[in-house]
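Here is a short briefing to read alongside the model. Keep the sequence and the 3D view open as you go.

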Amino acid sequence: MTQIKPLADRVLVKPAATEEKTVGGIIIPDSAKEKPLRGEIIAVGKGTKDEAMVLKTGDTVLYGKYAGTELELDNEKYLIMRQSDVLAVIE
């Protein structure tokens, strides 16, 4: 597997899987599903001289609906975003 190493204050997040939902027997297509707002930190950068990294690998986090840049690696979807785009850590 190719490794992705975020730079500066960026983090690599694996979004939580979306749940399969049906409405009255109708399956909602992927394009109409809500984007998950929760994920797991896979890798973190080293921070910047002005901002230390407070997130760490393995943290479960909440992030904004349009946060980050989507990328796909080895058929897995990830988001790369700045630490400041993360809203909260779930403990």
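**Strands, core and salt bridges**

P15 stands opposite G39 in β4, where β1 and strand β4 (residues 38–44) pair in the antiparallel sense over five bridges. Two strands count as paired if DSSP finds at least two bridges between them. This is a predicted model, in which local features need pLDDT of at least 70, side-chain atom pairs count only at pLDDT 80 or more, and totals for chains, interfaces and linings use all residues. Residues are numbered from 1 along each chain as its sequence is written, and side-chain values use heavy atoms, leaving out hydrogens and water.

**Fold**
- The protein has eight strands and zero helices; these are DSSP runs numbered from the N terminus, with at least two residues (E) for a strand and at least four (H or I) for a helix.
- Strand β1 (residues 10–15) also pairs with strand β7 (residues 76–82), in the antiparallel sense over four bridges, and here L12 stands opposite I80.
- Of the contacts with a separation of 6 or more, 63% join residues 24 or more positions apart; a contact means heavy atoms within 4.5 Å.

**Inside**
- Of the 91 residues, 26% are buried (under 20% relative accessible area; exposed is over 50%, partly exposed in between; 1.4 Å probe, protein chains only).
- The largest nonpolar core has eleven residues, among them V11, I41, M53, Y63 and L79. Elements giving two or more residues to this core are β1, β5 (60–63) and β7.
- Such a core is a set of buried Ala, Val, Leu, Ile, Met, Phe, Trp, Tyr and Cys residues joined through side-chain atoms within 4.5 Å.
- Not counting residues up to four places away in sequence, M53 touches several residues, including D9, V11, V44 and Q83.

**Salt bridges**
- The whole structure holds three salt bridges, each a side-chain nitrogen of Lys or Arg within 4 Å of a carboxyl oxygen of Asp or Glu.
- D9 pairs with R82, with the closest N and O atoms 2.8 Å apart. D9 lies in the segment before β1 and R82 in strand β7, so the pair ties together parts 73 residues apart in sequence.
- Within this pair, D9 is buried at 6% relative accessible area, while R82 is partly exposed at 36%.
- K14 and E76 meet at 2.5 Å, N to O. This pair links strand β1 to strand β7, 62 residues apart.
- D59 bridges to K56 at 3.1 Å between the closest N and O atoms; D59 is buried at 9% relative accessibility, whereas K56 is exposed at 53%.
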